[in-house]
Amino acid sequence: MGIKWNEILITGDPLILGSQIAILLTMIGIVGGITYLKKWKWLWTEWLTTVDHKKIGIMYIISAVLMFFRGGMDGILMRVQTSRPEMEFLNAQHYNEIFTTHGVIMILFMAMPFLIGFMNLVIPLQIGARDVAFPQLNALSFWLFFCGAMLFNLSFVVGGSPDAGWTSYFPLAGKEFSPGIGNNYYAVALQISGIGTLMTGINFIVTILKMRTKGMTLMRMPMFSWTTFITSIIIVASFPILTVALALMTFDRLYGTHFFTLSGGGLDMLWANLFWLWGHPEVYIVALPAFGIFSEVIATFSRKTLYGYKSMVFSIVGIAILSMVVWVHHFYTMGAGPGVNSIFSITTMMIAVPTGVKMFNWLFTMRKGRIKMTTAMLWALAFVPCFVIGGVTGVMLGMGAADYQYHNTLFLVAHFHYVLIPAVVFAVFAGTYYWWPKMFGHMLNEKIGKWHFWLFVIGFNMTFMPMFFLGLDGAVRRSYTYSVESGYAPLFFVSFIGSIILALGFAAFCYNIYWSVRYADRNIPSDPWDARTLEWATASPVQHYNFAKLPEVKSMDAFWYMKKNNEGLTLKKEELEEIHMPSNSGLPFIMCVVFGISGFFLVFEWHIAAAVAAVGIFAGLIIRSFDYNDGFHVHKEEIEQTESAWRNGEGEVNRYVGKR
Amino acid sequence: MDKKMKRYPIGHVVGFLSSLLLTFVAAGIALRTSLSFHTIMLLIGGLALVQAALQLFMFMHVNEGEDRKTQVINIAYGLIVAVIIVAGSIWVMSFGHHH
């Protein structure tokens, strides 16, 4: 097997040594804390084995916040390193590793799980279902994502981080030029979590097509459900490409094949082609659910139905189709020729049309609305101008001929941060403030929320706006330092200060969570925002069976209609029936551990050990095939107790009854 | 279903005969003509597509039963994705090889 014991732990760098000690102490702290509080059994039965979509959603979101911290630290380190010319804070190799892990973690282990967390939490409630179509598969999806994320994060203390950029272009990412095991982590960890994401896509397509409650036609679905549906279709179309590309990468690195190598007839740019065939749809996989969140937030806090619902639906379908046919704009400079570059320039610019339609729809939704300036709404308001800057610079980059000038400069970096942060990060913050009471039964503090908002938005603009100008002046991306003579120093310093403010904004967010968990008022109604969609028609936090009686939908904005017409809000005792729910299962968590062990051995190229561990994966599949557990029934008494506990509270849904 | 079973399966017979015909034509083009390699590949490739479509409708019942809409959508979706990925990749990546 040739185990390289001396390569396992990274030694010699004070920053990494510090992280190793911190990780060790945190782990001892967590294990000790759980043992001291005797919470192991609770952790296992309530969380690790759960198949409840709401709890899975919460676990996704917690993981995403942690990954946000990790990816954010990488970002800060980069800005510190470039704060002054010829800085010697990080060396070139360390800088390479950090921008690589920053990109991978922020896209795959922060943005995606954050949004998938909200999909899990909200979608079954919005369409009036009791769970997703395949609850246990859903748990497996989460645990595979978690396994991939942990494996990837392990890389920087054990074995070395990948260092070929988040795109991992060949030939650099190949064995010839990156002989270390860092890029094996990339191939294996992304593969494992990618499988989980693919399962999520399938699960949500089936859930939305098959599990909608009575009267919930497709064209009555809330916009977040629509965007989730279309996103799931894009996931199913594009993630298999990543799976295949990563498998070929693994073969190249581990078994000496020549798919992407320079020698032996490989085609290195084919990696770029396959990567972006997945990578561009991936941008819309994270952007569309974010658009959905903004649609919900804007409609709720403008107290109006979403303007141009049908055109919104056609826009997201149009974006989904176009997202599959623009991938070459990421590598115009490959030189595929004027024909190819022109076609892809046109398709790229066409995306601005449906996106523009959506923008105007949001603005018209707000027009003449009674806008409430909650923190969630502030994020949606800030999204509009910031995202437009990102979109317009995107059209500039989208023109093949012009792209030769901008390519590989900080202009591009500024552009995609101006797209991804307003769209995805602002959206997940808006969603967090909006749906937090649905998750935990108390609100996040609005005052700290405004600190969070202003610090983050100002910090964001200060960090990335200078990069447009640096890029136009010729500052290249991924360069760990620059000379005094270049004249870049002042703008880089502004960017550094901005990143500190950005970090303070995130700290305010974390403090807000801490403060609200400890001190926030628990005595709030289940519908604190006077919202429009069905997730607010039940208790907060939601009881495990979601709805005692499945709601019947008669129009768009179903819950608003119910409130205005006083229909379906009350529940009679005779209407109660036993509810069939799926049982918990430990198998997804065990699969996560087995995948993790097998993946770890594969990263270190200990093939026999990996093969032995992989037997466990097949054992898990076989056990699942012979699993005849059909779930359990919730008894009427339990339902009655739960329902009367929340329905009779002061200011509850009952307050709409008889209001006319 | 019962009603259908009793009728003479004219569709199946036509499908079977035309499949045979298409196969023989393809074999004939490949073995008995002196067309260029490129033309032969194009012709038998085209015939293969016709035959695949024929099989789908005559024997694999894509347009029958409860799920016919789903099946047709799935096949169309699969075709579009395949065309974009495979044909698109070949088109994009085949630069610089014809000079």
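Me: How many cavities of 30 Å³ or more does the count give?
Reply: The count gives two cavities of 30 Å³ or more. A cavity here is a set of points, on a 1 Å grid over the protein atoms alone, where a 1.4 Å probe fits but cannot get out. This is a predicted model, in which local features need pLDDT of at least 70, side-chain atom pairs count only at pLDDT 80 or more, and totals for chains, interfaces and linings use all residues. Residues are numbered from 1 along each chain as its sequence is written, chains are lettered from A and ligands numbered from 1 in the order in which they are written, and side-chain values use heavy atoms, with hydrogens and water left out.

Me: How much space lies in the largest cavity?
Reply: The largest cavity holds about 110 Å³ of space, a volume being the space filled by probe spheres set on grid points joined across faces, edges and corners. Its lining (residues with an atom within 4 Å of a point) has 13 residues, and Pro222(A), Met223(A), Glu296(A), Leu306(A) and Asp557(A) are the closest to the centre.

Me: Which helix supplies the largest share of that lining?
Reply: Helix 8 (residues 268-302) of chain A does, with three residues. Helices are DSSP runs (H or I, at least four residues), numbered from the N terminus.

Me: And how do the lining residues of the largest cavity divide?
Reply: Seven are nonpolar, two are polar and four are charged. Ala, Val, Leu, Ile, Met, Phe, Trp, Tyr, Cys and Pro count as nonpolar, Asp, Glu, Lys and Arg as charged, and the others, Gly among them, as polar.

Me: What about the second largest cavity, which residues lie nearest its centre?
Reply: They are Leu108(A), Met112(A), Phe145(A), Ser193(A) and Thr197(A), from a lining of 13 residues. This second largest cavity has about 80 Å³ of space. Its lining has eight nonpolar, five polar and no charged residues.

Me: New topic: is Ser155(A) buried or exposed?
Reply: Ser155(A) counts as buried because its relative accessibility is 0%, and buried means under 20% relative accessible area (1.4 Å probe, protein chains only). Ser155(A) sits in the loop between helix 5 (135-154) and helix 6 of chain A.

Me: What is Ser155(A) in contact with, leaving aside neighbours within four places in sequence?
Reply: Its contacts (heavy atoms within 4.5 Å) are Gly160(A), Ser161(A), Pro162(A) and Tyr185(A).

Me: Which residues of helix 8 of chain A meet helix 4 of chain B?
Reply: Met269(A), Leu270(A), Asn273(A) and Leu277(A) meet Ile84(B), Ile85(B), Ser89(B), Val92(B) and Met93(B) of helix 4 of chain B. By class, this contact has seven nonpolar, two polar and no charged residues.

How values were computed
On a 1 Å grid over the protein atoms alone, a cavity is a set of points where a 1.4 Å probe fits but cannot get out, and a pocket is an open set with protein on both sides within 12 Å along at least five of seven lines; lining residues have an atom within 4 Å of a point. Helices (H or I, at least four residues) and strands (E, at least two) are DSSP runs, numbered from the N terminus. Buried means under 20% relative accessible area, exposed over 50%, partly exposed in between (1.4 Å probe, protein chains only).
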